[in-house]
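Let's get the model up on the screen and walk through a few spots together.

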Amino acid sequence: AYLHAAAMVKAGIYLVARLTPGFADSPGWRPTVVVLGLATALLAGWRAIREYDLKLVLAYSTVSQLGMMIVLVGGGGRDLMLAGLTAMCAHAAAKAALFMVVGIIDHATGTRDLRELAGLGRRAPGLFVVAAAAAASMAGVPPFIGFIAKEAIYGTEAQAPALGSSGPYVLGAAVVASMFTVIYSARFIWGGFASKGQTEPSVDVAEM
């Protein structure tokens, strides 16, 4: 959980953040970083809402959020960098907890397929509370730090001088990516913990 949420996958973000002060005004830097970052955020977000493996949902959601962080830390400007680092901290905290939740679910039930999980929220209410809080932060629900990060992203992308005339387009793409975030966060909780219309837990959940 630590490696996937807070260390290994952040190496690229750290590298871009370190290089941005020296290269942000170089020809080609900002368009490349912004276009690739937004494309990553949107395409991975789309993939995340189509997966059935809970770990793959989190994996693609991580890729999506890293794409947005690349836009922020690589766009140039103090406010964009601060928003990017805030998003990075919020992501690390929420995603570490969620990866641990998936590990517990897999160990207890023997499956990560959301189609085979039903009634887990009733069988493991404590785990459900932790997962719901982490997913709410990931989706940007107040008062979690994820909400603060989303507000920082919207505010800086709408007004950042470094983005120039492309600011509104970047903001629009960020809003769409955030919509994906809400969808796959809700899908994670529903898929992992909801009863899904069944009066009894699914076979894998009942045997835990």
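Let's start with helix α4, residues 54-74: it has 21 residues and reaches 30 Å from its first C-alpha to its last, close to the 30 Å expected at 1.5 Å a residue. That expected span is 1.5 Å times one less than the number of residues. Helices here are DSSP runs of H or I, at least four residues, numbered from the N terminus.

Quick note on the source: this is a predicted model, where local features need pLDDT of at least 70, side-chain atom pairs count only at pLDDT 80 or more, and totals for chains, interfaces and linings use all residues. Residues are numbered from 1 along each chain as its sequence is written, and side-chain values use heavy atoms, with hydrogens and water left out.

Back to α4: is it mostly covered or mostly open? Mostly covered, with 16 of its 21 residues buried. Buried means under 20% relative accessible area, exposed means over 50%, and partly exposed is in between, using a 1.4 Å probe and protein chains only.

Now the two ends. At the start of α4, a side-chain oxygen of Asp53 comes to within 2.8 Å of the backbone nitrogen of Lys55. Just after α4, Gly76 has a positive phi of about 90°.

Next stop, Leu19, which sits in helix α2, residues 11-23. Leu19 is partly exposed, at 33% relative accessibility.

Last one: Pro168, in helix α9, residues 167-193. Pro168 is exposed, with a relative accessible area of 56%. Its C-alpha is 6.0 Å from that of Ala158, ten residues apart along the chain.

Methods: Helix = DSSP H or I, 4+ residues; strand = E, 2+ residues; numbered from the N terminus. Polar contact = N/O pair within 3.5 Å; in protein donor to acceptor, adjacent residues only side chain to side chain.
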